[in-house]
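Please walk me through this protein, from its overall make-up down to single residues. Keep it brisk.

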Amino acid sequence: MLGSHVPWGRPEAMECVMALAAIGNCHREGCSSSIPQGLATEQLCLNHFLDEAFVRTDHALQYCRQGRSLSAGSLDWLLSDALAVVKNLEESADQPDADQRDRMLELLLILANLQEYVAHHSVRVERLA
Ligand SMILES: [Zn+2]
């Protein structure tokens, strides 16, 4: 007789597919800190991201003070760095790390100053047509 087969059950394994892709650990050599959600595209832990961001903003400030022009790309990362910091501040709001928050707020301040500098000191922005 037909229909005596046990119908295939809903595969339970499907649930695994729904799990968030693991972001993994910081790509810096010797660093095993995990990457926060907000820095998935940077592939860096928060401390290393902040290290790099401070170096970048420092260079940009020096450029501005020398009256040199910032590229459109530089302005893009200024904005994306600021967004990443804001995201991380939101994510860490439940379990704040005082030192990291201080660094993030300091970085935001520098980024804001840099944007002001670009806006008000007639720093030429090179845009590719
Ligand atoms: Zn790291």
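Among contacts in the protein between residues at least 6 apart in sequence, 53% join residues at least 24 apart. Two residues are in contact if their C-beta atoms, placed from the backbone, lie within 7 Å. This is a predicted model: local features need pLDDT of at least 70, side-chain atom pairs count only at pLDDT 80 or more, and totals for chains, interfaces and linings use all residues. Residue numbers start from 1 along each chain, as its sequence is written.

The secondary structure comes to 4 helices and 2 strands. Along the sequence, the pattern reads α-α-β-α-α-β. Helices (H or I, at least four residues) and strands (E, at least two) are DSSP runs, numbered from the N terminus. Of the 129 residues, 16% count as buried. A residue is buried if 20 or more other C-beta atoms lie within 10 Å of its own, exposed if 12 or fewer, and partly exposed in between; these C-beta atoms, too, are placed from the backbone.

Take α2 next. At 1.5 Å a residue, its 20 residues should span 28 Å. The end C-alpha atoms of α2 are 28 Å apart, which agrees. The expected span of a helix is 1.5 Å times one less than its number of residues. In α2, Leu 46, Phe 49, Leu 50, Ala 53, Thr 57 and Ala 60 are buried. Seen down the axis of α2, the buried residues fall within an arc of 95°, so they line one face of the helix. That arc is taken over the directions from the helix axis to the C-beta atoms. On the other side of α2, Val 55, Asp 58, His 59 and Gln 62 are exposed.

What covers the buried residues of α2? The cover includes β1 (70–71), α3 and α4. Just after α2, Gly 67 takes a positive phi of about 75°. Ser 69 is partly exposed, with 13 other C-beta atoms within 10 Å. The C-alpha atoms of Ser 69 and Val 118 are separated by 8.9 Å, though the two are 49 residues apart along the chain.

Now the pairing of α2 with α3. Two packed helices are described by the angle between their axes and the distance between the axes. The axes of α2 and α3 come within 11 Å and cross at roughly 145°. Axes are lines fitted to C-alpha atoms, for helices over the stretch in contact, and angles run from 0 to 180 degrees between N-to-C directions. From α2, Leu 46, Phe 49, Ala 53, Arg 56 and Ala 60 meet Ser 74, Trp 77, Leu 78, Asp 81, Ala 84 and Asn 88 in α3. By class, this contact has 7 nonpolar, 2 polar and 2 charged residues. Ala, Val, Leu, Ile, Met, Phe, Trp, Tyr, Cys and Pro count as nonpolar, Asp, Glu, Lys and Arg as charged, and the others, Gly among them, as polar.

Pro 36 lies in the loop between α1 (14–18) and α2. Leaving aside neighbours within four places in sequence, Pro 36 is in contact with Leu 46, Asn 88 and Glu 91. Pro 36 and Glu 91 are 55 residues apart in sequence and 8.5 Å apart in space, C-alpha to C-alpha.

Last comes α4 (residues 98–120). Its 23 residues should span 33 Å, and the end C-alpha atoms are 33 Å apart, which agrees. In α4, Met 104, Leu 107, Leu 111 and Leu 114 are buried. Their cover includes α2 (46–65) and α3 (72–91).
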